Amino acid sequence: MDTTIKIGSETRDKLAALADARNMSMRALIEEFAATALTPAQLRERAERTDAFLAEEFGHQVSEDEAGVLRERMRQAQSAGPARGTAA
């Protein structure tokens with residue numbers, strides 16, 4: 001079943017440019033995003049598995065403070081863009 005999604009023209013144009021750069025249709029681009037993006041529940045489950053692995057393999061429990069520091073470092077790294085010497 002097909003569905004129409006109403007978005008602004010700026011967003012439509014950006015999606016069209018992204019799809020064109022990947023040689024795919026906007027439909028395929030959005031379907032790829034939906035297939036690969038994680039829901040909040042999936043992110044929590046992944047974090048729980050990671051915590052369990054660290055505890056089991058290394059005997060380390062990640063505290064809320066440590067988790068907050070790591071999240072902030074990840075945000076900073078993402079906003080800084082690709083590291084020097086790496087492909088974008």
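The model is predicted: local features need pLDDT of at least 70, side-chain atom pairs count only at pLDDT 80 or more, and totals for chains, interfaces and linings use all residues. Residues are numbered from 1 along each chain as its sequence is written, and side-chain values use heavy atoms, with hydrogens and water left out.

Glu48, Asp51, Glu64, Asp65 and Glu66 form a patch of negative charge on the surface. Two or more of its residues come from each of α3 (40-58) and α4 (64-80). Helix α4 gives the largest share, three residues. Patch members have over 30% relative accessible area and no salt bridge, and like charges are joined within 9 Å. A salt bridge is a side-chain nitrogen of Lys or Arg within 4 Å of a carboxyl oxygen of Asp or Glu. Charges are placed at CG of Asp or CD of Glu. Areas come from the Shrake-Rupley method with a 1.4 Å probe. Helices are DSSP runs (H or I, at least four residues), numbered from the N terminus.

Aspartate 65 lies in α4. Its relative accessibility is 65%, so aspartate 65 counts as exposed (exposed is over 50%, buried under 20%, partly exposed in between). The 17 residues of α4 should span 24 Å at 1.5 Å a residue, and the end C-alpha atoms are 24 Å apart, in agreement. The expected span is 1.5 Å times one less than the number of residues. Just after α4, glycine 81 takes a positive phi of about 90 degrees.

Serine 63 sits in the loop between α3 and α4. With a relative accessible area of 33%, serine 63 is partly exposed. Serine 63 and alanine 47 are 16 residues apart in sequence, and their C-alpha atoms are 12 Å apart in space.

Terms used:
Patches are made of residues with over 30% relative accessible area and no salt bridge: like charges are joined within 9 Å, nonpolar side chains (Val, Leu, Ile, Met, Phe, Trp, Tyr) within 5 Å. Lys and Arg count as positive and Asp and Glu as negative; His and the chain ends are not counted. Buried means under 20% relative accessible area, exposed over 50%, partly exposed in between (1.4 Å probe, protein chains only).
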